[in-house]
Amino acid sequence: MCTVSIKVDNETVHRINPNLKNNDSIERWVQHYVDEFIHNLSANEHPSLSPNAHSAAEMRDILKERIRRAEAGEEKVIPNTEVFAQIDSRYGF
């Protein structure tokens with residue numbers, strides 16, 4: 001194992017995830033994503049492709065359905081801070 005140093009903009013990271021309030025939590029958060037990136041590369045997976053990737057036609061159909069549900073009041077909107085809090089609690093950030 002090796003140790004590397006990187007610089008991140010604390011304010012930008014905090015805007016992405018308000019729960020990342022100190023260097024320790026930011027370090028764990030960055031380490032998680034670096035580990036995931038390295039794992040994907042070592043498994044010969046393309047890191048920019050989502051496992052949920054859809055064709056353009058499929059994505060149009062999905063978006064049309066989501067828009068229909070949103071306009072009908074059938075969608076539940078979850079604030080991004082709540083989503084990040086769920087992720088943080090799952091990964092210990």
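This is a predicted model: local features need pLDDT of at least 70, side-chain atom pairs count only at pLDDT 80 or more; totals for chains, interfaces and linings use all residues.
Residues are numbered from 1 along each chain as its sequence is written, and side-chain values use heavy atoms, with hydrogens and water left out.

Okay, the overall picture. The chain has 4 helices and 0 strands, where helices are DSSP runs of H or I with at least four residues, strands are E runs of at least two, and numbering goes from the N terminus. Of the 93 residues, 12% are buried; buried means under 20% relative accessible area, exposed over 50%, and partly exposed in between, with a 1.4 Å probe and protein chains only.

Now, the largest pocket. Its volume is about 570 Å³, and 16 residues line it, with V4, I6, E27, V30 and Q31 nearest the centre. A pocket here is an open set of points on a 1 Å grid over the protein atoms alone, where a 1.4 Å probe fits, with protein on both sides within 12 Å along at least five of seven lines; lining residues have an atom within 4 Å of a point. The volume is the space filled by probe spheres set on those points, which are joined across faces, edges and corners. Who gives the most to that lining? Helix α2, residues 23-42, with 8 residues.

D24 pairs with R28, and the closest N and O atoms are 2.5 Å apart. Those two are 4 residues apart in helix α2, so about one helical turn separates them. D24 is partly exposed at 47% relative accessibility, and R28 is too, at 33%.

The whole structure has 5 salt bridges. Over in helix α3, residues 56-71, R69 and E65 sit 4 residues apart, and their side chains meet at 3.8 Å, N to O. R69 comes out partly exposed at 24%, and E65 likewise at 31%. Then R68 meets E74 at 3.1 Å, N to O. Shared partners tie E65, R68, R69, E74 and E75 into one salt-bridge network.

That's the tour, thanks!

How values were computed
A salt bridge is a side-chain nitrogen of Lys or Arg within 4 Å of a carboxyl oxygen of Asp or Glu.
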